[in-house]
There are 6 protein chains.
Amino acid sequence: MPYVNIKITKDGVTPEQKGQLIKGVTTLLQKVLNKNPTTTFVIIEEVETDNWGIAGEQVTARRNREK
Amino acid sequence: MPYVNIKITKDGVTPEQKGQLIKGVTTLLQKVLNKNPTTTFVIIEEVETDNWGIAGEQVTARRNREK
Amino acid sequence: MPYVNIKITKDGVTPEQKGQLIKGVTTLLQKVLNKNPTTTFVIIEEVETDNWGIAGEQVTARRNREK
Amino acid sequence: MPYVNIKITKDGVTPEQKGQLIKGVTTLLQKVLNKNPTTTFVIIEEVETDNWGIAGEQVTARRNREK
Amino acid sequence: MPYVNIKITKDGVTPEQKGQLIKGVTTLLQKVLNKNPTTTFVIIEEVETDNWGIAGEQVTARRNREK
Amino acid sequence: MPYVNIKITKDGVTPEQKGQLIKGVTTLLQKVLNKNPTTTFVIIEEVETDNWGIAGEQVTARRNREK
């Protein structure tokens, strides 16, 4: 009965892509650990780029700089 | 000083219902473990049904199919 | 299909008490939001008092001072 | 490679303040534990006051009462 | 720069299996969302069966009953 | 009433260092957002290097290779 939480930046991910992540992670847990898909939960959280920091800097700033 | 995080699907839960969850969990922790309500935190997170998967499938799809 | 995460300090909580928390939270979600217990997950995490801070201070220190 | 999750109430925190939190936490981890900022993640989550409970009460109610 | 948290019951999962989960999830995020593996974090948490509840019951009890 | 969760690898971090992280984060939230330390929670979680992946690889393997 695994629980998986995926946090990604909010970037226009489509419902189809979310469906692929959910299916992919569930299948992976079944293959590697024989976990029952029926009780596998996957929750995707989309985070604003202002709210995500890496290397001490907001992703928003990082991306602007890289343009 | 417990910390409780409740994730539910985003389904029009009312402020009153949220208040009942918060009160109920805080009381439960006091009754079972004698935890001080003053330092009990409860955070409710509402998740879009596209972002929640169970059995390898998005809740959105699951609900559509069950209609 | 709620997911609940309860963090408490590591203090000799018994398996019976954990069972009561799990049952209590699951029942609460059923009563308040009509959530199906079959797909309600509850995970309890016990945290060392050295690793939990409140008011800028470790719980270990706080408790020693209050003795 | 630390991962830090900060949950605060949704209160009009500015992008600049978020940037200061991200920078401050990353610097702290470098100073105290010599952690490499390049692989330090900080995620800020803003929670509606209806969804945050303390002492068995929603922050919304608590604030209204204190007015 | 995704962050993935996988919670599973503590069941003798081997380091090799953990490596497969980490590699699998990272590859999945690259394929579906074109995420850079260099900044993809995966954290696996193993939870005692006494601390995991489903359907209002501890996994320990559930498994004993199913034997 | 912020809640902060810090995940780091399990590497012999001392209680004193944990105390410094807790104090530092609490002070930062007070300075940047004027948050009341009394209701600021900080929880530190130490994760085995086998359970932490970056760039599709376990930290254990990454460190062995870098030796």
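Angles under 35 degrees count as roughly parallel, over 145 as roughly antiparallel, 65 to 115 as roughly perpendicular and the rest as oblique. This is a predicted model, in which local features need pLDDT of at least 70, side-chain atom pairs count only at pLDDT 80 or more, and totals for chains, interfaces and linings use all residues. Residues are numbered from 1 along each chain as its sequence is written, chains are lettered from A and ligands numbered from 1 in the order in which they are written, and side-chain values use heavy atoms, with hydrogens and water left out.

**View 1. Helix H1 of chain A crosses helix H1 of chain E.** Each helix spans residues 15–33. Helices (H or I, at least four residues) and strands (E, at least two) are DSSP runs, numbered from the N terminus. The two axes come within 10 Å and cross at roughly 160°. Axes are lines fitted to C-alpha atoms, for helices over the stretch in contact, and angles run from 0 to 180 degrees between N-to-C directions. H1(A) and H1(E) are therefore roughly antiparallel to each other.

**View 2. Residues of H1(A) meet residues of H1(E).** Contact means heavy atoms within 4.5 Å. Among the residues of H1(A) here are A:Gln17, A:Leu21, A:Gly24 and A:Leu28. From H1(E) come residues including E:Gln20, E:Val25, E:Leu29 and E:Val32. The residues of this contact divide into twelve nonpolar, six polar and no charged. Ala, Val, Leu, Ile, Met, Phe, Trp, Tyr, Cys and Pro count as nonpolar, Asp, Glu, Lys and Arg as charged, and the others, Gly among them, as polar.

**View 3. Helix H1 of chain B crosses helix H1 of chain C.** The axes come within 10 Å and cross at roughly 160°. H1(B) and H1(C) are therefore roughly antiparallel to each other. The crossing is right-handed. The contact residues divide into twelve nonpolar, six polar and no charged.

**View 4. Helix H1 of chain D covers residues 15–33.** The helix has 19 residues. From first C-alpha to last, H1(D) reaches 27 Å, close to the 27 Å expected at 1.5 Å a residue. Just after H1(D), D:Asn34 takes a positive phi of about 60°.

**View 5. Two chain pairs do not touch.** Chains C and D have their nearest C-alpha atoms 14 Å apart, without touching. Chains B and E do not touch either; their nearest C-alpha atoms are 14 Å apart.

Definitions and conventions. Left-handed = near helix turned anticlockwise from the far one by under 90°. Expected span 1.5 Å × (residues − 1).
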